[in-house]
Amino acid sequence: MKRLIKCIFAPLICLCILAAQASAAGAPETTTVPHVTMRMGADAGMFTTPITFSHGDISWLPKLAAQAGWPKWSIKRLGQIILRESGGCPNRVGGDVVDKNCNFIRIAERTHRSDTGLLQINGVHWKQDHAQYAGLVCKKMGVCDQARLLDPLTNLKAGKLLFDVAEWSPWNTN
């Protein structure tokens, strides 16, 4: 029961913190959440111990990526992309500077604020009204807002959807 409560209320608390940060800053965009520790259920090979995300550490990736549907052969390249895009910090939004514990420090630049989470899923994929890409993640997964993509598993699933359609090209790799 304690696990269930943590799984339900931890994301809600993070969303409340995000709303408070945005409100306090007077900014409409989402920034980040505090240091992230994630606990997942015990079924289907899911994590039963907390995952603590730290900048540069992706030791948790094989299990979480498998849950999101990524094949084993893709994990090495997926890890390289995650390290390049977010440093392994699921709460990172484009332009954010974070510390070694993935805590938000400041916004370095504002040109990529729609890039979200581990794979820095771009707003062209989750904004339902985007003229060029028509919000594939929104249409296929029902994930039409930035906050939901800060969840590491949701972000990896969205990335898998993009990969299934366009292979590695959303991340400009060969």
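This is a predicted model: local features need pLDDT of at least 70, side-chain atom pairs count only at pLDDT 80 or more; totals for chains, interfaces and linings use all residues.
Trainee: Which residue does a disulfide join to Cys138?

Mentor: The general idea comes first: a disulfide is a covalent bond between the sulfur atoms of two cysteines. Here the partner of Cys138 is Cys144, with an S to S distance of 1.9 Å. The link of Cys138 and Cys144 is right-handed, with 85° about the S-S bond. Cys144 counts as partly exposed, at 31% relative accessibility.

Trainee: How many disulfides does the count come to?

Mentor: The count comes to 2 disulfides. Cys89 and Cys102 form a disulfide too, and their sulfur atoms are 2.2 Å apart. The link of Cys89 and Cys102 is left-handed, with -75° about the S-S bond. If you number the bonded cysteines in sequence order, the pairing reads 1-2, 3-4.

Trainee: Which parts does the pair of Cys89 and Cys102 tie together?

Mentor: Cys89 sits in the loop between α3 and β3, and Cys102 in the loop between β3 and β4, so the pair ties together parts 13 residues apart in sequence. Cys89 is buried, at 0% relative accessibility. Cys102 is buried as well, with a relative accessible area of 0%.

Trainee: What should I know about the phi of Cys102?

Mentor: As background, most residues other than glycine have a negative phi. Cys102 has a positive phi of about 70°, although it is not a glycine. Another case is Glu167, with a positive phi of about 55°, and it is not a glycine either. Glu167 is found in the segment after α6. Glu167 counts as exposed, at 56% relative accessibility, whereas Cys102 is buried.

Trainee: Now for the inside of the protein. Which residues touch the most other members of the largest nonpolar core?

Mentor: The general idea is that in soluble globular proteins, nonpolar side chains tend to be buried together. The largest nonpolar core here has 30 residues, and those touching the most other members are Trp60, Leu61, Trp70, Leu78, Ile82, Leu119 and Leu156. The helices α2 (61-67), α3 (75-85) and α6 (152-166) each supply at least two residues of this core. The largest share, 6 residues, comes from α6.

Trainee: What is Trp70 in contact with, leaving aside its neighbours within four places in sequence?

Mentor: Its contacts include Ala65, Ile75, Leu78, Leu119 and Leu156. Gly159, Lys160, Phe163 and Trp168 are also among them.

Trainee: How many aromatic pairs does a search of the whole structure find?

Mentor: The search finds 6 aromatic pairs. A pair of aromatic rings is described by the distance of the centres and the angle of the planes. Phe53 and Trp60 form an edge-to-face pair, 4.9 Å centre to centre with 70° between the planes. Both Phe53 and Trp60 are buried. Trp73 and Phe163 form a tilted pair, at 6.1 Å centre to centre and 55° between the planes.

Trainee: Where do Trp73 and Phe163 lie?

Mentor: Trp73 lies in the loop between α2 and α3, and Phe163 in helix α6, so this pair ties together parts that are 90 residues apart in sequence. Trp73 is exposed, with a relative accessible area of 61%, whereas Phe163 is buried, at 10%. Trp70, Trp73, Phe163, Trp168 and Trp171 form one aromatic cluster.

Key:
Residues are numbered from 1 along each chain as its sequence is written. Side-chain values use heavy atoms; hydrogens and water are left out. A nonpolar core is a set of buried Ala, Val, Leu, Ile, Met, Phe, Trp, Tyr and Cys residues joined through side-chain atoms within 4.5 Å. Buried means under 20% relative accessible area, exposed over 50%, partly exposed in between (1.4 Å probe, protein chains only). Helices (H or I, at least four residues) and strands (E, at least two) are DSSP runs, numbered from the N terminus. Contact means heavy atoms within 4.5 Å. Rings of Phe, Tyr and Trp (its six-membered ring) pair if their centres lie within 6.5 Å; planes under 30 degrees apart count as stacked, over 60 as edge-to-face and the rest as tilted. A disulfide is a pair of cysteine sulfur atoms within 2.5 Å.
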